[in-house]
Amino acid sequence: MELFNNIDWAAIIPIIVPIIVIQLILLIIAIIDLCRIEKTNGPKWLWAIIILFVNLVGPILYFVIGRRNQ
């Protein structure tokens, strides 16, 4: 607990908030795209799990690897 008391939260928040916002935007766009697209590279349920639980990297992996181009 003493470790958390020594952290300067005012200096960290301006760094963390944009990362969280970018992560949420990527997550929402990836889930919407996954619902709209008919076929993916691999099962859709697996991509949903990856998008939801692999934080910032999951949606990026979906857009790079998971989307099937015609």
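Modeller: In this predicted model, W47 has a relative accessibility of 8%, and because buried means under 20%, W47 counts as buried. W47 lies in helix α3, while Y62 lies in helix α4, which covers residues 57-66. A search of the whole structure finds two aromatic pairs, and W47 and Y62 form an aromatic pair with an edge-to-face arrangement, at 5.9 Å centre to centre and with 65° between the planes. Since one partner belongs to α3 and the other to α4, the pair ties together parts that are 15 residues apart in sequence. Y62 has a relative accessible area of 0%, so Y62 is buried.

For α3 and α4 the angle is about 145° and the axes are 7 Å apart. On the side of α3 the contact is made by W47, I50 and I51, and on the side of α4 by G58, P59, L61, Y62, I65 and G66. Divided by class, the residues of this contact are seven nonpolar, two polar and no charged.

W47 also takes part in a contact with another helix. Helix α2, residues 9-36, packs with helix α3, residues 44-53, at an angle of about 175°, and their axes are 10 Å apart. This angle makes α2 roughly antiparallel to α3. From α2 the contact draws on L27, A30, I31, L34 and C35, and from α3 on K44, W47, A48, I51 and L52. By class, the contact of α2 with α3 has nine nonpolar residues, no polar residues and one charged residue.

The loops on either side of α3 complete the picture. T40 is placed in the loop between α2 and α3, and T40 counts as buried because its relative accessibility is 6%. Not counting residues up to four places away in sequence, T40 touches L34, W47, Y62, G66 and R68, so both members of the aromatic pair, W47 and Y62, are among the residues that T40 touches. A polar atom of the T40 side chain lies 2.6 Å from the backbone oxygen of G42. G42 can in turn be set against V64, from which it is 22 residues apart in sequence and 13 Å apart in space, C-alpha to C-alpha. V64 lies in helix α4, and with a relative accessible area of 64% V64 is exposed, whereas Y62 is buried.

In the loop between α3 and α4 lies N55, which is partly exposed, with a relative accessible area of 47%. Most residues other than glycine have a negative phi, but N55 has a positive phi of about 40° although it is not a glycine. The side chain of N55 is joined to that of Q23 by a polar contact of 3.4 Å, and Q23 is found in helix α2. Leaving aside its neighbours within four places in sequence, Q23 is in contact with N55 and L56.

Conventions
Residues numbered from 1 in each chain as written. Predicted model: local features only at pLDDT ≥ 70, side-chain atom pairs only at ≥ 80, totals over all residues. Heavy atoms only, no water. Axes fitted to C-alpha atoms, helices over the stretch in contact; angles between N-to-C directions. Helix = DSSP H or I, 4+ residues; strand = E, 2+ residues; numbered from the N terminus. Parallel < 35°, antiparallel > 145°, perpendicular 65-115°, else oblique. Contact = heavy atoms within 4.5 Å. Nonpolar A, V, L, I, M, F, W, Y, C, P; charged D, E, K, R; others polar. Polar contact = N/O pair within 3.5 Å; in protein donor to acceptor, adjacent residues only side chain to side chain. Phe/Tyr/Trp six-rings, centres within 6.5 Å; stacked < 30°, edge-to-face > 60°. Buried < 20%, exposed > 50% of the residue type's maximum accessible area, 1.4 Å probe, protein only.
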